[in-house]
Amino acid sequence: MSNISSNLKYLRKKKGHTQQQFADAMEIKRSLIGAYEEDRAEPKYELLKKIADYFDLTIDEFINDKIDDNWKPKPKSQGSNLRVLSISVDHNDRENIELVPVKASAGYLNGFSDPQYIQDLPKFQLPIPALRQGTYRAFEIMGDSMLPVQPESVIIGEYLENWNDIKIGETYIIISKNEGVVYKRAGNKFKENRELKLVSDNKVYDPYTIPAEDILEIWKAKAYISTTLPEPTPEPTIETLSSMMTQMQKSIAQLNKN
């Protein structure tokens with residue numbers, strides 16, 4: 001449950017505004033303010049952002065924190081509190097796992113903070129104890145950069161609130177402005193205002209970096225679903241052994257540079 005209704009009433013009164021005065025400031029009808037404060041309706045994302053900005057809050061603080069005379073804002077640094085996370089729940093108030101298909105990944109960059117967009121995504125539940133705690137989302141991946149995980153597999157990720165928790169060598173779904181939705185291994189720890197190195201399991205693809213300011217969301221990979229079963233491991237050939245030697249030489253050269 002959000003704290004929108006109580007927080008709005010408290011903040012409005014603290015500003016000394018009547019419902020009409022605040023409605024005028026937000027350019028909406030007074031009756032909507034009454035509905036929000038009585039918890040009969042919730043504002044859409046754009047209005048939520050406008051209200052939060054008006055009170056100099058993040059959307060996350062406005063929705064989830066209980067704001068009163070004893071409330072203090074959390075420090076907004078170290079890769080945490082970067083944005084509000086929209087979720088959906090089932091009829092038993094359990095969080096769903098929303099599915100972001102490949103065809104919806106471009107729209108996800110614009111709609112990831114919009115509760116209505118998230119509500120409209122396909123969603124499901126999994127009876128797996130390891131996935132009962134936390135917030136999860138599923139992303140369909142394309143391409144062969146993360147073989148042996150096959151294209152069209154669905155990666156289930158747990159929402160990573162604090163990006164300082166990134167561990168080198170573990171896999172993540174990274175949502176960024178320029179790269180979109182990618183599934184990669186972390187090549188370095190996250191540092192504020194620095195680049196994040198992304199590494200493919202398929203060594204044909206070179207590692208690359210993305211600026212921290214381009215990152216929108218990070219989800220730690222926890223499981224995957226695939227309709228393609230693994231093939232038997234082939235016997236090594238001269239070509240594969242040669243490729244492995246070349247890759248080892250490149251890795252050694254990179255280590256020597258560092």
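## Helices, loops and a buried isoleucine

After helix α4 comes aspartate 56, which has a positive phi, near 55 degrees. Here helices (H or I, at least four residues) and strands (E, at least two) are DSSP runs, numbered from the N terminus. You're looking at a predicted model, where local features need pLDDT of at least 70, side-chain atom pairs count only at pLDDT 80 or more, and totals for chains, interfaces and linings use all residues. Residues are numbered from 1 along each chain as its sequence is written, and side-chain values use heavy atoms, with hydrogens and water left out.

**The whole chain**

- Of the 258 residues in the chain, 37% are buried. Buried means under 20% relative accessible area, exposed means over 50%, and partly exposed is in between (1.4 Å probe, protein chains only).
- Take the contacts between residues at least 6 apart in sequence: 59% of them join residues at least 24 apart. Contact means heavy atoms within 4.5 Å.

**Two aspartates with positive phi**

- Aspartate 56 isn't a glycine, yet its phi is positive, about 55 degrees. You'll find aspartate 56 in the loop between α4 and α5.
- Aspartate 56 is exposed, because its relative accessible area is 69%.
- Aspartate 39 follows α3 and sits in the loop between α3 and α4. Aspartate 39 isn't a glycine either, and its phi is positive at about 60 degrees.
- With a relative accessibility of 43%, aspartate 39 counts as partly exposed.

**How α2 meets α4**

- Helix α2 (residues 19–26) packs with helix α4 (residues 45–54) at an angle of about 110 degrees, and their axes are 11 Å apart. The axes are lines fitted to C-alpha atoms, for helices over the stretch in contact, and angles run from 0 to 180 degrees between N-to-C directions.
- That angle makes α2 roughly perpendicular to α4. As for the cut-offs, angles under 35 degrees count as roughly parallel, over 145 as roughly antiparallel, 65 to 115 as roughly perpendicular and the rest as oblique.
- On the α2 side, the contact is made by Phe22, Ala25 and Met26, and on the α4 side by Leu47, Lys50, Ile51 and Tyr54.
- Sorted by class, this contact of α2 with α4 has six nonpolar, no polar and one charged residues. For the classes, Ala, Val, Leu, Ile, Met, Phe, Trp, Tyr, Cys and Pro count as nonpolar, Asp, Glu, Lys and Arg as charged, and the others, Gly among them, as polar.

**How α2 meets α3**

- Helices α2 and α3 pack at an angle of about 110 degrees, with axes 8 Å apart, so α2 and α3 are roughly perpendicular to each other.
- Gln19, Gln20, Phe22 and Ala23 of α2 make this contact with Arg30, Ile33, Gly34 and Glu37 of α3.
- The residues in the contact of α2 with α3 split into three nonpolar, three polar and two charged.

- In α4, the buried residues are Tyr45, Leu47, Leu48, Ile51 and Ala52. They span an arc of only 160 degrees around the axis, which puts them on the same side of α4.
- A bit of background: an α-helix has 3.6 residues a turn, so residues three or four places apart point the same way.
- The buried residues of α4 pack against α1 (4–15), α2, α3 (30–37), α5 (59–64) and α7 (115–120).
- In α3, the buried residues are Ile33, Gly34, Ala35, Tyr36 and Glu37. Their cover includes α1, α2 and α4.

- Isoleucine 166 sits in the loop between β4 (154–159) and β5 (171–176). Isoleucine 166 is buried, because its relative accessible area is 0%.
- Setting aside neighbours within four places in sequence, isoleucine 166 is in contact with Leu160, Tyr172, Ala186, Asn188, Lys189, Phe190, Leu196 and Ile218.
- Isoleucine 166 and glycine 187 are 21 residues apart in sequence and 9.7 Å apart in space, C-alpha to C-alpha.
- The peptide bond from leucine 147 to proline 148 is cis, with omega near 15 degrees. Proline 148 lies in the loop between β3 (136–140) and β4.

Methods:
The arc is that of the directions from the helix axis to the C-beta atoms.
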